[in-house]
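Please open the model in a viewer and keep the selection tool at hand.

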Amino acid sequence: MASGPRFDPSEFPGDITLDHVIPAAAANFVALPADLRPELVAALARRGVERLYSHQAEAYDAVRRGRHLVVVTPTASGKTLCYNLPVLQRLLENPEKRALYIYPTKALAQDQLAELGALKSGLPIEVRVDTYDGDTPPGRRTAIREGGHVVMTNPHHTRWRRLFSSLEFVVIDELHTYRGLFGSQVANVIRRLKRICAFYGSNPTFICASATIRNPLELAQRLLEEENIALVDRSGAPRGERRLVFYNPPLVNRELGVRRSSMLEARRIAAPWIRAGVQTIVFCRSRLAVEVMLSYLRQDLDPRLDSSRRVRGYRAGYLPLHRREIEAGLRSGDITGVVSTNALELGIDIGSLQCAVLVGYPGTIASTWQQLGRAGRRSGSVGVFVASSSPLDQFIVRHPEYFLGSDPEEGLIDPDNLLLLAAHLQAGLFELPFLDDERLGGADVQELLRLFEDDGSATRSGGRWFWSRQAFPAEEVHLRRILADNVVIIDTSQPRPSVIGEMDQFTAPVLLHEEAVYLHEGAQYHVDRLDWDEKKAYVRPVEVDYYTDALASVTVQVLDTFAGPDTHGLARSHGEVRGGAVDGLRPATALGGSPPHEPLARFHGELKITSLASMFKKIRFHTHENIGAGPIHLPEQTLHTTGYWITVDEALWRSLGAETLEAGLQGIAHSLRHIASLRLMCDPRDLGSVAEVRSVTTQLPTVTIFEVYPGGVGFASRLYELHRELLDDAALLVQDCPCAAGCPSCVGPLHLVEGAKEACLKLLSAIALPV
């Protein structure tokens, strides 16, 4: 392979599970479009662009023919020009037209502002380009809304009446990030945007750019509710030869599945490169981890006096000017090493690095490729993924073929979630009256409008519906959550208390009860007080050698079954059974059901989940001994959501030795939940899992995976369809774990239960039948 940074696997005691070279690829150039304005041709030439990559030309042609567009090509392949070129061409043809650019982060919007600003310089018209977000000064906001040709924003701001009448293009960058709850919210924002545009007489073309996922076209169709969408997914950009290495740190405790710290192993890999002047980026999972790794690498660079200048950190919380300085230093080569959260994962231009080190799995395969792609333009670049002990990390590092093969991840949304739809309908009603029989996007909202009329929020007059309250309803729409009354987490250690996070009501009693040790970005906080009425948790930083584990009594009730072998038989609620366990909530109950005839049956439906946290334990790290306990005095929580569940036939259960299988069923719940999050591109915390064991004729051994968001956002139905793949991958996760009898990396916190791993594998093997 081409000469590049040295990486010798023999110097590391862990397992190299992948050492793969991706060959270089030459660029596929095509001539500039014949209709491109001469002024734009000249502007491109000043930027060194005299030809286009094939995918850029294909994208330009599709937009010029009036089609909506999704571009799916690798990191650093020039996706930005796919939308900037047709937008600037149209503005030159008609300076009255406008474009709206939507980015998932402020930093990315700022970066693209600079990119477009450089390209537009020298054009014969003044193209006014501005960002509009929460940091925009009030005095500039009106001017931007009234006069901006290209407005760059994140999805929280859509109130530009003047803009709508001339809106020609809506650009949505990083499409793959608009999934789950966030994507479902944004889909409703787009419904409202299109409705206002139609009112003002415009019909914009949507241009989307995405990282590689399995279903980019389907996600775009669902998000935009459009069918005439062109997909451009063959990159014409050049690619340098790249080496990919997956490294699993060595076990330090085989029985508990504990491995050597991924932070320390990543430090050993990155430090020699930085000392040798090889430009390197290290990605960490949290802000705290960034600061710790930064201090490690600076220590390794000593006694150089410029170590603090040569190695820099990059994360949210840094001032914008500070971030711009670091980006410029990377491009110029003045900075040799940067330690970052995923803030540098998205399309911010930081030049061409030689090495990327990932400390832990970023959460999705798409994000992993994007982070590794930060070292990809130069031949001889190296990307190293260093796995932690978490289940997802261990599954990916032990199955690199899953990573290199066809992309398994899907972006899923459900904009018709009733709670989301109702909130956005209220905002839409405030923006414009609704006509009788008018829909919000594809959703029939007439029944909701009648409900609003009953509670005094809406009135009907002359065949139209009007908002009748004083409040501005869009202020209650929070794009990254469903309900406004989350519990706010407040750090009281500073003279001026600060909000460090928030948590949904359903989970808060388990993780934020008084005396809990709450983990936030890797740091420990003690919960001194939880004011449930005000929904505020008051915490302070601590360093203790234990964690807290809450016990909850949980009941799961089937309200309706949407799919299953006996849909009608399970369409009503069933009795509540004590004696199960919930992964993440550590509960004690779950659901039963009418016994299906199959040895293993799968279902998908609507659930009511009730949780009552009653007590907590203090568990010492490493030894896992119980060193204390206390009561929890909080009200019972109820969640209406959707879920996927499997039941084991009673005869099979008894034949396997039911009394030995309880831990195995809990292990299946744990492994399924983590494998499901891999398939759905979501965080494992977006899902809950329940394992219930009881040998009763009419109530069966059951594992339930449910969505933690009220009403669900489309995960459960897809889990039902992926049933066989989920079970197969769960079996691989447990089977390939090198621990002796079960550990948190495979079957969850059951390592003190004798035979947990064996019972889990026994059960998975027995139910590995066609369903």
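Rings of Phe, Tyr and Trp, the last taken by its six-membered ring, are said to pair if their centres lie within 6.5 Å. The model on display is a predicted one.

**Stop 1: an aromatic cluster**

Select Phe-246, Tyr-361, Trp-369, Phe-385 and Phe-403, which form one aromatic cluster.

**Stop 2: strand 11**

Now select residues 242–248, which make up strand 11. How many of the 7 residues of this strand are buried? The count is 7 of the 7, so strand 11 is largely enclosed by the rest of the structure. In a regular strand the side chains alternate between the two faces of the sheet. Here Arg-242, Leu-244, Phe-246 and Asn-248 point one way, while Arg-243, Val-245 and Tyr-247 point the other way.

Strand 18 (residues 381–386) runs parallel to strand 11 and is joined to it by 6 bridges. Arg-242 has its bridge partner in strand 18, namely Ser-381.

**Stop 3: helix 14**

Move on to residues 391–398, which form helix 14. This helix is mostly covered, with 8 of its 8 residues buried. The buried residues include Asp-393, Gln-394 and Arg-398, as well as Leu-392, Phe-395, Ile-396 and Val-397.

**Stop 4: aromatic pairs**

The whole structure holds 14 aromatic pairs. Select Phe-7 and Trp-273: their ring centres are 6.3 Å apart and their planes stand at 50°, so this pair is tilted. Phe-7 lies in the segment before strand 1 (15–22) and Trp-273 lies in helix 9 (residues 262–275), so the pair ties together parts that are 266 residues apart in sequence. Phe-7 and Trp-273 are both buried.

Next, select Phe-199 and Tyr-200, an edge-to-face pair with 5.1 Å from centre to centre and 90° between the planes. Is Phe-199 buried or exposed? Phe-199 counts as exposed, at 54% relative accessibility, whereas Tyr-200 counts as partly exposed, at 32%.

**Stop 5: arginines over rings**

Select Arg-195 together with Phe-434. Arg-195 lies over the face of Phe-434, at 3.5 Å from the ring centre. Then select Arg-602 and Tyr-720, where the arginine lies over the face of the tyrosine, at 4.5 Å from the ring centre.

**Stop 6**

Strand 24 (residues 487–491) and strand 25 run antiparallel and are joined by 5 bridges. Ile-489 stands opposite Gly-501 of strand 25.

**Stop 7**

In soluble globular proteins, nonpolar side chains tend to be buried together. The largest nonpolar core of this model has 114 residues, and those with the most contacts inside it are Leu-512, Leu-672 and Ile-767. Helix 20 (residues 662–680) gives the most to this core, with 9 residues. Centre the view on Leu-512; leaving aside neighbours within four places in sequence, its contacts include Val-487, Ile-489, Met-503 and Tyr-518. A second, separate core has 31 residues, among them Leu-100, Leu-163, Leu-167 and Ile-190.

**Stop 6: positive phi values and a buried tryptophan**

Select Glu-174, in the loop between strand 8 (167–172) and helix 7 (180–199). Its phi is near 55°, a positive value in a residue other than glycine, and Glu-174 counts as buried at 5% relative accessibility. Lys-535 also has a phi near 55°; this lysine is in the loop between strand 27 (523–531) and strand 28 (536–542). Lys-535 is buried, with a relative accessible area of 16%.

Finally, select Trp-645, in strand 35 (residues 637–648). Trp-645 counts as buried, at 1% relative accessibility. The C-alpha atoms of Trp-645 and Ile-705 are separated by 6.0 Å, although the two residues are 60 residues apart along the chain.

Note on methods:
Residues are numbered from 1 along each chain as its sequence is written. This is a predicted model: local features need pLDDT of at least 70, side-chain atom pairs count only at pLDDT 80 or more; totals for chains, interfaces and linings use all residues. Side-chain values use heavy atoms; hydrogens and water are left out. Two strands pair if DSSP finds at least two bridges between them. Helices (H or I, at least four residues) and strands (E, at least two) are DSSP runs, numbered from the N terminus. Buried means under 20% relative accessible area, exposed over 50%, partly exposed in between (1.4 Å probe, protein chains only). Rings of Phe, Tyr and Trp (its six-membered ring) pair if their centres lie within 6.5 Å; planes under 30 degrees apart count as stacked, over 60 as edge-to-face and the rest as tilted. A charge sits over a ring if NZ of Lys or CZ of Arg is within 6 Å of the ring centre and within 35 degrees of the ring normal. A nonpolar core is a set of buried Ala, Val, Leu, Ile, Met, Phe, Trp, Tyr and Cys residues joined through side-chain atoms within 4.5 Å. Contact means heavy atoms within 4.5 Å.
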